Amino acid sequence: MPAIAFDADDTLWHNQPIYETAAARLREILAPYHPAGGLDRRLYETELANLPLYGYGIKSFTLSNIETAIRLSNGKITAAGIHAI
């Protein structure tokens with residue numbers, strides 16, 4: 001009988017709430033520039049595009065957040081907004 005096994009990385013389970021909190025904060029920061037709808041999808045698209053460049057991890061996530069913020073604000077996000085990210 002075939003079997004399927006899943007190897008769940010416990011660090012991913014632990015970090016998921018942190019990721020969700022950061023994504024919610026990004027939505028707050030970008031609220032003056034872009035509606036929340038579609039923001040998560042745009043961030044995900046940026047992360048996927050950056051994967052070959054940066055790989056996985058906090059550096060990649062941070063750079064993708066900044067890139068998404070600049071793009072969705074049409075370059076109008078402030079230095080304070082970038083710092084908050």
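Visitor: Which helix is N65 found in?

Guide: N65 sits in helix 3. Bear in mind that this is a predicted model.

Visitor: Is N65 buried or exposed?

Guide: N65 is buried, because its relative accessibility is 3% and the cut-off for buried is under 20%.

Visitor: What lies 2.7 Å from a polar atom of the N65 side chain?

Guide: The backbone oxygen of F61.

Visitor: And which residues does N65 touch, leaving out those up to four places away in sequence?

Guide: L26, L43 and I85.

Visitor: Switching to the core. Which residues make up the largest nonpolar core?

Guide: There are nine: L26, I29, L30, L39, L43, F61, A69, L72 and I77. Helix 1, helix 2 and helix 3 each supply at least two residues of this core. In soluble globular proteins, nonpolar side chains tend to be buried together.

Visitor: Which helix gives the most?

Guide: Helix 1, with six residues.

Visitor: Which lining residues lie nearest the pocket centre?

Guide: Y19, E47, Y56, G57 and F61, out of 16 lining residues.

Visitor: How does the lining divide into nonpolar, polar and charged?

Guide: Ten nonpolar, five polar and one charged.

Technical notes. Residues are numbered from 1 along each chain as its sequence is written. This is a predicted model: local features need pLDDT of at least 70, side-chain atom pairs count only at pLDDT 80 or more; totals for chains, interfaces and linings use all residues. Side-chain values use heavy atoms; hydrogens and water are left out. On a 1 Å grid over the protein atoms alone, a cavity is a set of points where a 1.4 Å probe fits but cannot get out, and a pocket is an open set with protein on both sides within 12 Å along at least five of seven lines; lining residues have an atom within 4 Å of a point. Helices (H or I, at least four residues) and strands (E, at least two) are DSSP runs, numbered from the N terminus. Ala, Val, Leu, Ile, Met, Phe, Trp, Tyr, Cys and Pro count as nonpolar, Asp, Glu, Lys and Arg as charged, and the others, Gly among them, as polar. A nonpolar core is a set of buried Ala, Val, Leu, Ile, Met, Phe, Trp, Tyr and Cys residues joined through side-chain atoms within 4.5 Å. Buried means under 20% relative accessible area, exposed over 50%, partly exposed in between (1.4 Å probe, protein chains only). A polar contact is a pair of N or O atoms within 3.5 Å; within protein, one must be able to donate a hydrogen and the other to accept it, and residues adjacent in sequence count only if both atoms are side-chain atoms. Contact means heavy atoms within 4.5 Å.
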